[in-house]
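Hi,

Here is the structure I promised to pass on. Please open it and keep it beside you while you read.

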Amino acid sequence: MLFNSFVFLFFLLITFVIYYLPLNIVKREQVVLLIFASFVFYAYQKPILLLLLLFSILINTIFSYSIFKKGQLRVKAILLLGVLFNLLILAFFKYGPLIASTIAKEFSLKNGILDFILTIPLPIGISFYTFEGISLLLDLYSGKIIFNEEKSSFYTHLKRTAFFISFFPHLIAGPILKAREFYPQIDSKRFDNILWTEVVKKLVTGFFLKMVVADNLSTITDGIRYPYFQGFSSINLLLLLFGYSMQIFADFAGYSLIAIGLGLLFGYELPKNFDFPYIASTFSEFWRRWHISLSTWLRDYLYISLGGNRKGTFRTYINLFIVMLLGGLWHGASWSYAVWGSMHGLFLLIERFLFKDKLSQQKRNFIGVVYVFSTVSILWLLFKLTDFSYFLGYFKAIFDNIHIPVRFGIDQLSILFYALPVIFYHLVYLLKNNESFRLWFLKVDYLGYAIMLFLILVDSGTQGKFIYFQF
Amino acid sequence: MKKITLILISCSIMTLTYLFFLVFLPLKTNVFYTNDERTEEYIYSKKEFQIVLVGSSLSGAFEGRHLFNQPYFNLYLPYTGCCTGIEIIRLAHKYPKYLFIEVNHFDRGIDSSLIGEIFNSPLSGFKGKVAFLQKKNKFFLNLIDRIKKPVALKTNNQAPPQALYKYLLAATQKEWQSLPKANNMQIQFSHMTSTLDYLAGKGTEIVFYEVPMDSSLNSSNLLVYQRRLFEKYALKKGYPYIHTNQAGVFKTGDGVHMLEKDAERFYLFFKTQIGNIAGKNHTPLE
């Protein structure tokens, strides 16, 4: 179910009304209601995929409950088994087809099992909910969540785990929740406590970024397709790249803001996922601002587990590179994502090598912002052109097509127009450091939200799926 | 809550102002950039179009050209074809006096997602009255059109780089050599002919036409199959059919879309053919 569809609006309205009904049974079972709604939300398009989600919830509940009940004995073994189970699910459903196709191609093999693996559908949101399952196990193991022994029956734990993993605002494309941040929030919620202004701000900004900016840009950036891009002039190719960079931000940041707004509507605070990433002037700053829930997950549960920066400089570099490579592969079952992650890893290593411990003290500078933005935008192409030779072909075309006349029609103007809100969005953030601007902005910010709402009504693009759904 | 009220009031004022602007100072244009825009214009326009062309992007070659002495609507729909156009006319209940049908991309059938979005959306019922809901009235688009005079999507002046041209031509040749499942084509054809019978019952006169493509495709399996299907039907019903085999050879940019100079040449040929049909049938087409 898409957030930007009428079906979802109807679904949300019904869920919301029932959730806050002033009846004792509803107040008692608010969580169960949201679990049920989340299952409906998930199963709407392909009901069969719900089975895997249910299976994942059940297994994670059993493992985490065992960790919680076993004291220190055998806990590590249970933890390892639980994590392994999550990784196996992810590997089989997400990477099975990639591995099978690589084996079939490299060894010219053809057999029934490989063919079967190649036909496995990718369960939507699997990368997100398996990471959340791992977060639950690791947080329980490290004592970052403490349950009340008396209140924690298996049923209660099952209910909470099902809710943590399946809560519909974050289920399909995040933000990725950490158990230690979400479990303490699970409680009965009241209508009076809804932070309406925050909800409206998040939803309006989120829907604006998705429906106006991303959906309008997506029809234009569709030109980045092999072999059609070969027919564009160099300037047009660069403009398309710029447009795609704006689109991918608006699409994913928009989704995350909608998810956070919906969470607040039901009384839950989901973690921030974007913090104006295109003002970053170093790659490490970029990763503190882009897809924060993933980068902090990778930092907390993978980088630190690998030893982080505690085992010497060389090992730090290796750890960083491994984390970025796996982070890249997390995005999709294609070698282009591995290349994308590795390139980001490489740029992080170079930065760390050049600036050593002074990296965090680096002041923001314009050249740095342009460098990071340009490099990041170039690398986004790997999301669009997943065949590496096409990716290289795009750059060849930029150099080869200088003689082709530049087109400056409706598409090119549209890219500039729809990029403006994203640029403005980042500029406002920078200007907010100025106290007098901040105070003035607080007085008139309602106008900004009103304009966004107006544009949602009069300028929405053709409804499209969220880019991060595929991950 | 005060802030939310302010947001809602400001948004309502902006929306009403924009609506006022659209109703009293509409942008007079015949340029529509997407299939949704073109379809909505056909449905919600207050004009009664006596002559309508339906087809694929190939019929885009007529965009901005003076084909008839009275206004006509070119309902060409890239990525789909005549079946979708005919279905739109049926569902919109706006029946033209003359319907020109491009046969080249009959094989693409009906674009159900376009039809669904236009006719089955909860907003469909309001689009006629609330102009800003129509895609052609999107705010930025309107703004851009006012800054820069809207220009019809012109055919290309020159072919793309050689490597790309060869790749596209080869892909097109491959596409046109293969035949879709005959059963599906028959179902599609019988659905279309029943719609045409319905339109004929409403007084619509039908003319079929082909748009020239690369000469290597003239005898391609798909084109020949479709041509035979339509010729047989046209003969049975007595509908005119405009062939292109007498028109000469045309240069394209990708195997299917003519380059500007050739499109101009074909337009002149097509005009003559219309004149002939009009002369024979004593219709007011000329």
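Below is what I found in it, topic by topic.

Keep in mind that this is a predicted model.

Start with the domains of chain A. The domain assignment gives two pieces for this chain. Domain 1 covers 6-191. Domain 2 is made of 196-281 + 364-470. Their C-alpha centres are 30 Å apart.

How many residues of domain 1 of chain A are in contact with domain 2 of chain A? The count is 15, and they meet 16 residues of domain 2.

Next, look at helix H5 of chain A, residues 75-106. Find A:Tyr95. The helix has a kink of about 60° there. Several residues of H5(A) are buried, among them A:Ile78, A:Leu79, A:Gly82 and A:Phe85. A:Phe93, A:Lys94 and A:Ala100 are buried too.

Last, the contact between the chains. Chain B brings 25 residues to it, and chain A brings 24. Which elements of chain B give two or more residues to the side that touches chain A? They are helix H1 (2-24), helix H6 (139-147) and helix H7 (162-177) of chain B. H1(B) gives the most, with nine residues. By class, the chain B side has 19 nonpolar, two polar and four charged residues.

Best wishes

Note on methods. Residues are numbered from 1 along each chain as its sequence is written. Chains are lettered from A and ligands numbered from 1 in the order in which they are written. This is a predicted model: local features need pLDDT of at least 70, side-chain atom pairs count only at pLDDT 80 or more; totals for chains, interfaces and linings use all residues. The bend at a residue is the angle between axes fitted to the seven residues ending there and the seven starting there. Helices (H or I, at least four residues) and strands (E, at least two) are DSSP runs, numbered from the N terminus. A residue is buried if 20 or more other C-beta atoms lie within 10 Å of its own, exposed if 12 or fewer, and partly exposed in between; C-beta atoms are placed from the backbone. Domain bounds come from an automatic or database domain assignment. Two residues are in contact if their C-beta atoms, placed from the backbone, lie within 7 Å. Ala, Val, Leu, Ile, Met, Phe, Trp, Tyr, Cys and Pro count as nonpolar, Asp, Glu, Lys and Arg as charged, and the others, Gly among them, as polar.
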